[in-house]
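User: I would like to learn how to read a protein structure feature by feature. Could you give me the general idea each time and then the case at hand?

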Amino acid sequence: MEINYVLSTYVTLLEPMVAKVYETTSPSVEVDSITILETDAAGTPDPGNGHNKKATVTFSGLDRIPHILRLYTQSGSLLHEFNVQPYEDVVTI
């Protein structure tokens, strides 16, 4: 299973963000995480100056079961959380 997560700009957040994924059967056990660094408008890392460009986070190779994606600040504040259901793009004729 793959999860694609697009983050909008967040110019007032002056620290990295961390996206973490969990299986819904074990919501406290982290499966994978990705750190999103602060960048300028061109996408160049720019610590201390906010998130000035949209970022795309992709988790791949996950088991085909429901997952929870949580977005945190690097210091640990929860910014966003949602559940992701597995799906399959299949056409049957």
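User: Is phenylalanine 82 buried, exposed or partly exposed?

Analyst: Before answering, please note that this is a predicted model, in which local features need pLDDT of at least 70 and side-chain atom pairs count only at pLDDT 80 or more, while totals for chains, interfaces and linings use all residues. Residues are numbered from 1 along each chain as its sequence is written, and side-chain values use heavy atoms, with hydrogens and water left out. Buried means under 20% relative accessible area, exposed means over 50%, and partly exposed lies in between (1.4 Å probe, protein chains only). Phenylalanine 82 has a relative accessible area of 25%, so it is partly exposed.

User: Which residue forms an aromatic pair with phenylalanine 82, and how is such a pair described?

Analyst: A pair of aromatic rings is described by the distance of the centres and the angle of the planes. Rings of Phe, Tyr and Trp (its six-membered ring) pair if their centres lie within 6.5 Å, and planes under 30 degrees apart count as stacked, over 60 as edge-to-face and the rest as tilted. The structure holds one aromatic pair: tyrosine 5 and phenylalanine 82 are tilted, with 5.2 Å from centre to centre and 45 degrees between the planes. The two residues are 77 apart in the chain, tyrosine 5 in strand β1 and phenylalanine 82 in strand β6, where strands are DSSP runs (E, at least two residues) numbered from the N terminus. Tyrosine 5, at 8% relative accessibility, counts as buried.

User: How many bridges does β5 form with β6, and in which sense do these strands pair?

Analyst: Two strands pair if DSSP finds at least two bridges between them. β5 and β6 (residues 78-84) pair in the antiparallel sense over six bridges; for example, isoleucine 68 has asparagine 83 as its bridge partner, and tyrosine 72 has leucine 78. The two strands form a hairpin with four residues between them, and glycine 76 in the turn has a positive phi of about 110 degrees. β5 also runs antiparallel to β2, to which seven bridges join it, and histidine 67 is the bridge partner of glutamate 23.

User: Which residues point each way from β5?

Analyst: In a regular strand the side chains alternate between the two faces of the sheet. His67, Leu69, Leu71 and Thr73 point one way from β5, whereas Ile68, Arg70 and Tyr72 point the other way, and all are buried. Because seven of the seven residues of β5 are buried, this strand is largely enclosed by the rest of the structure.
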